[in-house]
Amino acid sequence: MDTSEIRILLLGDDNVGRTSLIYSLVSEDVVPSSSNHSTDSIRPTTDDISIPPEVTRARVPTVIMDYCGRQPMTPDEIDDLLVPMECPSPNPLLQSSRSLYSCIRQAHVICLVYAFDSRESRDRLLTVWLPLIDRSATTIPIMLVANKCDLMDENPHERNNMNEDNREFFRLTMSKYSRIEACIETSTRTMKNISELFYSAQKCVLYPINYLQEQNKLTKRFKQCLKRIFTIADQDNDQLLNDQELTMLQDYCFGKIQTNDEKQTIEQLKKEIKRRTIHGIKILHEHRGVITSALTYQGFECLFELYLNKGKYETIYTTLERFNYNRKLELCVPNAPEDLTGELSPSAIDYLTRLFHRFDNDKDSCLTLKELNQLFESLIDIIPPMPSSLSNIKHCIYLRLSQSTSKSPLITLSGFLAQWFFLAHTQPSLTFSYLFQLGYSYAISTIDDTRLPSRMTYMCHVYGMSESGKSSFLKRFVSSTIYQVHHTEDLAEKLNNKAKAFLSSDYRSTSSYKPIKSYAIDFVRVLNETKCLILEERHSNEIEEKILFENVNVNCFLIDRTHPRAFSNVATSFLQQHVYPRLPSLFILTKADQPSVKQDYPLPIEFFCRQHKIPLPIDYSAITAISIYTNPTDNNQQLTTNTENMSQSWFTNLLFRSQNNSTRSLEPYSPRGEKSRHQDDIYVRLGYLCVYPKLNYFTNSTNDFYNTDALFKYSLYASVVTLGLVTVARMFR
């Protein structure tokens with residue numbers, strides 16, 4: 001797993017054969033009989049033994065430590081042995097205990113050795129050594145080693161009694177101390193279980209059982225890991241793992257299955273699970289004596305209980321490791337790549353779409369808040385932290401929602417994907433963490449997808465004075481009405497913390513006041529391609545920040561026709577951003593259903609637009625859904641936006657409806673909407689300005705081009721203009 005080196009510490013009384021065990025392992029030979037009989041109370045100090053990884057069965061570098069200092073003789077000496085040593089002490093017992101304490105703290109696993117023929121050394125494990133390890137505040141695993149088991153052969157009459165007594169000691173001690181993970185009998189004279197002892201010690205570190213099982217039951221944390229793995233593997237979300245899903249899970253964890261014998265293992269496991277629990281296997285159907293069954297979550301837990309009982313800890317931890325759990329059952333989310341583009345790949349979009357339908361239990365193409373909670377609660381283990389620059393802001397995001405019969409908002413597929421595009425665009429690292437935890441890497445493990453991500457997300461800043469209709473403009477982007485439109489902060493009140501973080505809601509913050517940022521996110525069609533458009537409400541004073549224009553693609557300025565200084569405010573904002581590289585801009589005259597007032601600005605709006613080569617303003621009303629190209633009769637000639645035929649070129653007329661065909665109402669694009677919807681939507685026009693910035697230099701015309709051929713011709717021409725080939729462009733006229 002994540003252990004680069006394993007340190008094994010041997011503890012126990014003198015003359016129990018600790019050094020002999022190390023000698024037998026290193027020399028691969030029996031210990032001479034004289035080496036096992038030493039009456040000296042303090043044996044010579046043995047240096048740490050380093051074993052290279054290629055020699056060990058676990059293929060991990062191993063260090064074996066044998067404590068050869070003075071032994072604690074009574075339980076009263078334990079406290080003295082574990083006294084912190086900041087200063088030298090004249091007491092020889094304390095001097096030697098410093099190395100004992102440091103050895104315990106450095107070890108990854110402790111082997112407590114006692115002699116098979118010495119009941120005193122066995123009893124001292126309970127009275128001295130185990131309490132000493134507990135008092136050292138360490139949680140490392142422990143193994144009990146009964147050495148010199150060859151002495152049983154010398155007393156055949158007492159062999160059965162000694163074996164039974166030793167097994168009873170193992171059972172009682174393991175039931176009392178949960179950290180004891182294994183017991184083993186060894187002999188340095190017959191080489192019995194010498195290599196198995198140290199291999200078992202390595203497995204105690206690599207595959208610790210105390211994180212998996214407690215009092216013969218699966219731990220709560222282990223069950224949480226199994227539940228998440230089960231949910232990821234359950235691709236159809238029917239709460240069952242069929243044979244295909246089980247095979248995919250096995251292939252993902254252990255490699256491709258090659259033989260029929262390995263495939264039959266699944267059926268054998270099902271029979272064993274069915275024998276142990278009646279609810280572990282569900283019969284799907286039976287045809288001509290062939291029974292098709294699937295594994296329930298209860299059966300999935302029973303499967304891993306079988307692995308535990310059979311000692312297949314490596315199988316369990318291999319499965320956990322493939323889903324990025326470490327040996328402490330902590331989910332380790334890898335760091336996001338540095339070259340993230342901020343765009344979702346086609347395979348990620350496909351997976352998120354399937355994930356949406358998996359958790360849509362009622363199959364109404366919408367997610368209730370309960371279903372959204374279930375999605376994130378069952379798959380997300382670690383809530384990714386929000387960047388500090390975003391945690392101080394309250395995000396109000398308008399998504400395309402639907403209304404249920406109980407008047408509670410439902411999240412549509414369009415709104416669900418739009419939020420993912422927003423996360424990928426603004427917080428790529430957080431999006432990477434979420435996709436990883438949702439099982440995206442598992443889902444694409446069997447898919448060879450060579451499609452590359454393309455530019456799909458574009459940002460539009462919406463400027464305007466206070467009460468100029470910015471919020472209504474954002475709401476109409478995702479809804480056919482400005483009433484009863486919910487944003488993500490409204491939804492977050494009924495969601496758990498994991499779903500709140502997905503909706504960019506900072507659940508950790510306790511601040512009562514935060515600056516508010518409002519967004520509206522939905523999809524538009526540009527030349528038969530779907531693009532995600534993010535509208536962000538901004539204020540005039542924010543235009544002075546240069547960083548705001550690094551990721552923005554188009555600016556939209558709202559002019560309140562009922563306020564005399566509305567255009568003055570917009571013109572000032574436009575001229576301030578004009579010092580930076582030119583961005584496409586669109587002027588919109590809001591509140592077209594109300595009478596206008598004269599604007600307090602030296603230049604007429606028409607003259608200002610032509611001077612800066614931008615399209616003329618568009619009339620707009622969020623309440624009456626007035627046509628965006630209707631120019632109602634107005635006594636104020638300054639606000640009249642009569643279109644003029646500046647050029648007879650066909651490409652200048654693209655996306656602009658004539659006055660004779662200006663009866664279509666404003667309706668935002670929806671992927672689930674009518675196929676016959678025309679692309680004269682104001683939001684679609686913003687999408688075209690994002691993708692083709694050169695449209696900003698064209699003006700309105702009376703001709704009406706909105707067919708596919710015209711769009712294709714314009715895309716060709718826009719590319720030519722971008723390259724500056726004006727001569728070639730004239731051939732298209």
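**Entry 1**

I began with R7, which is buried at a relative accessible area of 16%. The model I am reading is a predicted one. The cut-off for buried is under 20%, so R7 at 16% falls inside it. I then looked up E5, which has a relative accessible area of 30%. E5 therefore counts as partly exposed, since that class lies between 20% and 50%. What joins the side chains of E5 and R7? They meet in a salt bridge, with 3.3 Å from N to O.

Side chains of opposite charge can pair when their charged atoms come close.

**Entry 1: Salt bridges across the chain**

I asked how many salt bridges the count comes to. The count is 22 salt bridges. Where do the two partners sit? D13 is in the loop between strand 1 (6-12) and helix 1 (18-27). R124 is in helix 4, residues 119-135. The pair is 111 residues apart and links distant parts of the chain. Both D13 and R124 are buried.

Next I took D150 and R189. Their side chains form a salt bridge at 4.0 Å, N to O. This pair also links distant parts of the chain, 39 residues apart. D150 lies in the loop between strand 5 (142-147) and helix 5 (159-176). R189 lies in the loop between strand 6 (180-185) and helix 6 (194-206). R189 has 31% relative accessibility, so R189 counts as partly exposed.

I then checked for shared partners. Salt bridges that share partners join E5, R7 and D48 into one network.

**Entry 2: V109 and its surroundings**

I moved to V109, which sits in strand 4, residues 109-115. V109 has a relative accessible area of 0%, so V109 is buried. Which residues does V109 touch, leaving aside those up to four places away in sequence? The contacts are R7, I8, L9, I140, P141, A201, C204 and V205. R7 from my first entry is on that list. I also looked up K203, which is 94 residues from V109 along the chain. The C-alpha atoms of V109 and K203 are separated by 9.7 Å.

**Entry 3: Cysteines**

How many disulfides does a search of the whole structure find? The search finds zero. I checked C204, a contact of V109. C204 is in no disulfide, and its nearest cysteine sulfur, that of C111, is 7.6 Å away. C204 is buried at a relative accessible area of 6%. C366 is buried too, at 7%.

**Entry 4: S518, inside strand 16**

I picked S518 in strand 16, residues 516-526. Is S518 buried or exposed? S518 counts as buried because its relative accessibility is 12%. Beyond residues up to four places away in sequence, S518 touches C396, L474, L535, E536 and E537.

**Entry 5: The whole chain**

I closed with totals. The protein chain has 25 helices and 20 strands. Of its 733 residues, 52% are buried. I also looked at contacts between residues at least 6 apart in sequence, and 75% of these join residues at least 24 apart. The accessible surface comes to about 35500 Å². Carbon and sulfur atoms account for 50% of that surface.

Conventions
Residues numbered from 1 in each chain as written. Predicted model: local features only at pLDDT ≥ 70, side-chain atom pairs only at ≥ 80, totals over all residues. Heavy atoms only, no water. Helix = DSSP H or I, 4+ residues; strand = E, 2+ residues; numbered from the N terminus. Buried < 20%, exposed > 50% of the residue type's maximum accessible area, 1.4 Å probe, protein only. Contact = heavy atoms within 4.5 Å. Disulfide = S-S within 2.5 Å. Areas by Shrake-Rupley, 256 points an atom, 1.4 Å probe, with all protein chains shown as cover.
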